[in-house]
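Please look at the sequence and the structure shown here, and keep both in view while reading the report.

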Protein chains: 2
Amino acid sequence: MADAGKAKDGSLVKEITNMDEDFAQWYTDVVKKADLADYSEIGGCIIFRPYGYAIWELIQKQMDQVFKDTGHENVYMPLMISESLLQKEKDHVAGFAPEVAWVTMGGHEKLPEKLCIRPTSETLFCSHYAKIIQSYRDLPKLYNQWCSVVRWEKTTRPFLRTREFLWQEGHTAHATAQEAQEETIRMLNVYADFCENVLAIPVIKGQKTESEKFAGAERTYTIESLMHDGQALQSGTSHNFGDGFAKAFGIQYTDASNKLQYVHQTSWGFTTRMIGGLIMVHGDNSGLVLPPMVAPVQVIIVPIASHKEGVLEKAREIKSSLSKTIRVKVDESDKKPGWKFSEHEMKGVPIRLEIGPKDIEKNQCVIVRRDTGEKVTLSLDSLETDLEKALKDIQSNLLEKARTHRDSRTCSATSLEEMGSILNAKPGFIKAMWCGSPECEDKVKEVTGASSRCIPFEQENISDVCVCCGKKAESMVFWGRAY
Amino acid sequence: MADAGKAKDGSLVKEITNMDEDFAQWYTDVVKKADLADYSEIGGCIIFRPYGYAIWELIQKQMDQVFKDTGHENVYMPLMISESLLQKEKDHVAGFAPEVAWVTMGGHEKLPEKLCIRPTSETLFCSHYAKIIQSYRDLPKLYNQWCSVVRWEKTTRPFLRTREFLWQEGHTAHATAQEAQEETIRMLNVYADFCENVLAIPVIKGQKTESEKFAGAERTYTIESLMHDGQALQSGTSHNFGDGFAKAFGIQYTDASNKLQYVHQTSWGFTTRMIGGLIMVHGDNSGLVLPPMVAPVQVIIVPIASHKEGVLEKAREIKSSLSKTIRVKVDESDKKPGWKFSEHEMKGVPIRLEIGPKDIEKNQCVIVRRDTGEKVTLSLDSLETDLEKALKDIQSNLLEKARTHRDSRTCSATSLEEMGSILNAKPGFIKAMWCGSPECEDKVKEVTGASSRCIPFEQENISDVCVCCGKKAESMVFWGRAY
């Protein structure tokens with residue numbers, strides 16, 4: 001689509017920065033020009049505009065269905081957590097206290113105890129579970145909530161890192177350690193499948209190292225994806241808490257033989273940062289490119305010579321014939337077609353459908369694919385089937401493209417020097433061996449700027465020794481510079 | 001259903017207070033025993049448990065569809081508002097500042113300016129509109145958001161008045177005063193239709209008096225419903241702001257003749273307090289009674305003698321044959337049938353379906369309606385159709401019952417004395433004439449404990465003079481003691 005804006009009005013396209021020149025600026029331009037989000041008066045908090053929020057609604061709807069199909073129930077916990085409750089699990093409070101927003105006044109009065117706005121809700125779920133779980137019959141508890149959380153970040157960027165963001169947080173309690181572990185991996189797989197099948201973003205599944213795991217978790221698992229510029233994005237995490245929180249909060253049940261036991265818990269989260277991921281994985285120099293499954297508008301109908309008799313009527317007729325199965329709109333604005341083309345390319349609409357007087361005569365229309373720029377003439381008789389097929393094709397093509405790009409940016413390295421030169425020449429994932437010591441992990445980061453992304457489930461033997469210290473390697477790790 | 005628990009195990013039923021003896025305690029009992037909500041560690045904030053939240057999800061899903069069908073788009077605005085932004089419209093800040101929660105610290109640092117947690121989001125929408133509205137082509141803006149808000153209330157009660165609650169807030173901007181007025185009334189009608197058709201709660205539509213209107217509004221409209229105990233509940237409000245906020249925030253557009261104009265705005269909100277309304281309008285001494293349209297489980301299948309061969313299988317088979325059109329569950333727990341009956345009555349499940357070995361032999365099942373206690377034997381051949389019919393019937397019966405009750409509790413009065421004695425003997429709505437002065441409005445409240453609910457659209461002439469001062473009446477008003 002490099003020439004998408006050239007032959008046309010082009011003003012919109014001219015306004016965005018070339019992604020190969022300044023990727024960060026390109027990203028910001030797309031966020032603004034595609035009407036995804038706006039800055040708010042409070043630094044680091046964004047306004048989700050209708051188009052950006054509609055993408056989140058599509059993500060939410062489809063993911064929520066998977067949660068329900070896997071037996072999870074939605075709840076809603078309070079927005080605020082008292083300081084004393086937050087402090088109940090010591091690793092957890094150490095991880096989150098430095099970045100929470102504190103409410104200290106209600107109306108004109110100072111509160112007896114300060115309350116934080118939830119940065120995550122483990123403590124709330126735990127204190128509730130302690131009340132409602134008594135017997136093995138009450139288990140498992142498979143709860144989820146959709147809400148916003150606040151973390152007082154210093155550096156922010158729309159979607160990717162904001163002081164307030166939207167997410168879902170699953171919190172479950174199980175009778176045994178094994179069940180908790182199964183749930184942790186089940187939900188990681190739900191996220192991975194969702195990224196690949198819905199967002200068309202391929203991911204690496206693996207475990208976080210000790211120093212990268214969640215505050216209070218025994219084990220943290222992650223899915224990691226690669227952006228167009230070669231930087232990594234942590235795209236979803238799933239944590240196994242063991243019985244650590246259960247002991248801190250006293251969550252016990254009597255088992256079938258009437259003995260008191262602690263529950264084993266998990267939590268897992270997926271956030272609006274993945275809208276940022278969508279932009280950075282699929283976008284191009286004409287703007288956003290949306291996978292059909294999360295595109296608020298899948299087909300935009302642009303009437304050509306719409307002042308001529310019958311054109312607008314035909315466009316509307318096509319729209320209503322398609323709208324049962326496809327998210328479709330007619331652009332009836334009084335802008336010129338060229339301007340409309342650019343605008344919908346900027347917004348990443350998967351298919352543009354052009355219909356003018358000559359097309360109507362021939363009982364046909366022209367469609368243009370956003371992902372390839374390919375232009376095809378279609379008969380109106382089999383339009384619905386053909387469009388559905390094209391949308392499916394775009395969906396799988398985007399995943400394929402992203403996978404090819406990711407793979408072309410994944411290298412192996414056996415020395416810090418090699419890691420550094422790869423990352424500078426062609427940033428991406430680097431597979432390298434690791435001895436397991438946090439000192440080596442820190443040193444890799446210090447020298448190369450790449451952090452450990454995960455210890456992937458699919459291990460390979462790149463060499464027998466640690467990329468850093470040269471001692472015996474324990475595992476292969478994916479490294480990368482990350483958002 | 002007065003005998004619902006008698007012949008059975010009954011333990012659950014015994015635990016709730018009789019509604020005629022102590023309505024407030026009955027309400028709290030239902031909230032807890034029907035697993036709708038739990039108290040949280042923070043006073044005045046509740047935990048929406050799965051069953052309570054599922055009701056809200058059904059409300060949200062159906063109402064959101066109406067919003068989309070009427071051209072509204074969802075957005076998400078930040079949770080926090082700076083003190084200076086809140087202060088931009090003077091009536092608005094005066095109304096809300098005394099009851100907001102203030103964030104004064106981010107991490108370990110004191111914030112340069114304190115931020116309130118949104119009590120409502122007019123100021124956020126206005127500052128956004130000031131940025132994105134330039135021309136008449138940008139109008140109307142029809143935005144909505146689903147979120148939670150915080151108001152630091154002194155006295156709280158689950159769902160009815162909580163420090164944090166969930167709601168939707170619509171915020172629209174229009175070119176003309178007339179369009180804004182049309183939108184205000186359109187959305188009031190959306191709420192009224194929703195209450196009647198979905199929640200089975202009949203409402204009175206009308207305008208709030210000057211002293212009861214929303215902080216910053218020109219005109220506030222309301223729908224008012226009546227609870228079982230004769231107290232009124234404000235059930236949804238719609239506000240016309242005129243151009244007051246537009247002037248405070250500088251929201252201007254150039255019209256078709258290139259002149260600068262101020263926009264005219266509306267806002268309207270509907271909250272989780274209506275779950276409280278559902279409880280108090282339809283509930284009885286066996287617990288909750290849910291209208292099928294918002295019942296998370298519409299039909300509960302209770303297998304009888306479920307240890308016998310084929311019973312559980314048949315129950316599951318019926319479930320899967322129904323589950324495309326009906327929200328249906330099988331209670332497979334190891335509790336006794338009598339206990340299950342009480343439990344699902346407590347939770348207000350509209351229909352219980354019993355199936356045992358003898359029923360299976362005869363290719364039939366027994367259904368019991370929650371609203372009437374009526375027991376009918378149905379053939380399994382036409383089950384889906386018959387159940388759908390029964391659910392429709394329950395839905396309309398509940399509305400009819402509520403309307404009959406409301407009407408039987410609506411009286412006219414021509415003196416304060418008469419108002420007082422009616423309210424003490426048989427609390428409900430009282431229709432009485434009013435001169436329009438705030439002094440008389442205050443005095444009625446002081447003497448009778450009833451506040452003005454609304455000046456109804458459907459006016460009647462009860463008498464020619466004000467119920468309080470005896471001077472010439474301006475309008476008929478609905479009065480009532482309210483939650």
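## About the model

This is a predicted model, in which local features need pLDDT of at least 70 and side-chain atom pairs count only at pLDDT 80 or more, while totals for chains, interfaces and linings use all residues. Residues are numbered from 1 along each chain as its sequence is written, and chains are lettered from A and ligands numbered from 1 in the order in which they are written.

## Where the chains touch

Between the two chains, 42 residues of chain B are in contact with 42 residues of chain A, where contact means that the C-beta atoms of two residues, placed from the backbone, lie within 7 Å. On the side of chain B that touches chain A, the largest share, six residues, comes from strand 5 (residues 101-106) of chain B; strands are DSSP runs of E with at least two residues, numbered from the N terminus.

That side of chain B has 24 nonpolar, 10 polar and eight charged residues. Here Ala, Val, Leu, Ile, Met, Phe, Trp, Tyr, Cys and Pro count as nonpolar, Asp, Glu, Lys and Arg as charged, and the others, Gly among them, as polar.

## A sheet across both chains

Strands of a sheet pair through backbone hydrogen bonds, either parallel or antiparallel. In this model, an open sheet of six strands has the order 4(A)-6(A)-5(A)-5(B)-6(B)-4(B), with antiparallel pairing, and two strands count as paired if DSSP finds at least two bridges between them. Strand 4 (80-82) of chain A and strand 4 (80-82) of chain B stand at the edges with a single partner strand each, so one side of each has no neighbour in the sheet.

Strand 5 of chain A and strand 5 of chain B run antiparallel and are joined by five bridges, and the bridge partner of A:V103 in strand 5 of chain B is B:V103. Within chain B, three bridges join strand 4 to strand 6 (residues 109-117), where B:C116 is the bridge partner of B:I81.

## The nonpolar core

The largest nonpolar core has 277 residues, and those with the most contacts inside it are A:I301 and B:I301. Such a core is a set of buried Ala, Val, Leu, Ile, Met, Phe, Trp, Tyr and Cys residues joined through C-beta atoms within 7 Å, and a residue is buried if 20 or more other C-beta atoms lie within 10 Å of its own.

## Domains of chain A

Chain A is assigned domain 1 (17-282), domain 2 (295-389) and domain 3 (410-480), with bounds that come from an automatic or database domain assignment. The centres of domain 1 and domain 3 of chain A, taken over C-alpha atoms, are separated by 27 Å.

Methods:
Helices (H or I, at least four residues) and strands (E, at least two) are DSSP runs, numbered from the N terminus. A residue is buried if 20 or more other C-beta atoms lie within 10 Å of its own, exposed if 12 or fewer, and partly exposed in between; C-beta atoms are placed from the backbone.
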